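Hi,

Here is the structure I promised to send over. Have a look at it first, and then read on for what turned up when I went through the charged side chains.

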Amino acid sequence: MDYKENKLHRLQDRLEFEIIAPSTATHFPNNVTHRPSTLDIALTKGVALNLNSVETVHSLLSDHRPVLLKMGPPDGGRPKPTIKITDWKRVSTALEKIDTPLLNSIPDNIRTTDEIDSAIGALTSHIKTVVNKCEREVPASSDRRKFPPDILELIRAKTQHCAAREHILLLNIDPGRELSSAK
């Protein structure tokens, strides 16, 4: 370690930050009497990410090799993607409410473009607020087919009912037709 490295490590101890550096040099001077050195480092403090890798990129024809620093989530995996599901029936019900303070501020007689802009802003804001309140976030990979047993039974009954109805309809259209899969 030279003087500058010692100074950096003392500063690291005093300010409590982390130094991330590649294991190989990143600068190779044209003058052969000078030593290769590491110019590229990363300083982090309070970062809740794991270091995945630090790689020196050797593909460029220069005296400097850039560094590729890969960091990821604290658990080492990727964040789980989520989607928002909106209950549009709740949105519709909420928008039907007549006594809404934000919308009550809109005048009955709009005369100027400023009043139009204000009314559009109030309406847009109200709709966004209602939609946000009627949304929920779920994992993107959630299987919506995982219903409670009683719901699955209702779906099965409906499917059987529809199949029986289709069978009767087809027999009425073509009485001589035999449907082997209908129950």
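Lysine 84 and glutamate 135 pair up through their side chains in a salt bridge, 3.9 Å from N to O (a salt bridge being a side-chain nitrogen of Lys or Arg within 4 Å of a carboxyl oxygen of Asp or Glu). This one ties together distant parts of the chain: lysine 84 sits in strand β5 (residues 82-86) and glutamate 135 in strand β6 (residues 135-139), 51 residues apart. Strands (E, at least two residues) and helices (H or I, at least four) are DSSP runs, numbered from the N terminus. Lysine 84 is exposed at 52% relative accessible area, while glutamate 135 is partly exposed at 24%. The cut-offs there are under 20% for buried, over 50% for exposed and partly exposed in between, with a 1.4 Å probe and protein chains only.

Before you dig in: this is a predicted model, so local features need pLDDT of at least 70 and side-chain atom pairs count only at pLDDT 80 or more, while totals for chains, interfaces and linings use all residues. Residues are numbered from 1 along each chain as its sequence is written, and side-chain values use heavy atoms, leaving out hydrogens and water.

Searching the whole structure gives 3 salt bridges. Another joins glutamate 55 to lysine 70 at 3.8 Å, N to O; that pair also links distant parts of the chain, from strand β3 (residues 50-56) to strand β4 (residues 67-72), 15 residues apart.

Then there is arginine 156 with glutamate 153, closest N and O atoms 3.4 Å apart. Both are in helix α5 (residues 149-173), and because they are 3 residues apart, about one helical turn separates them.

Cheers
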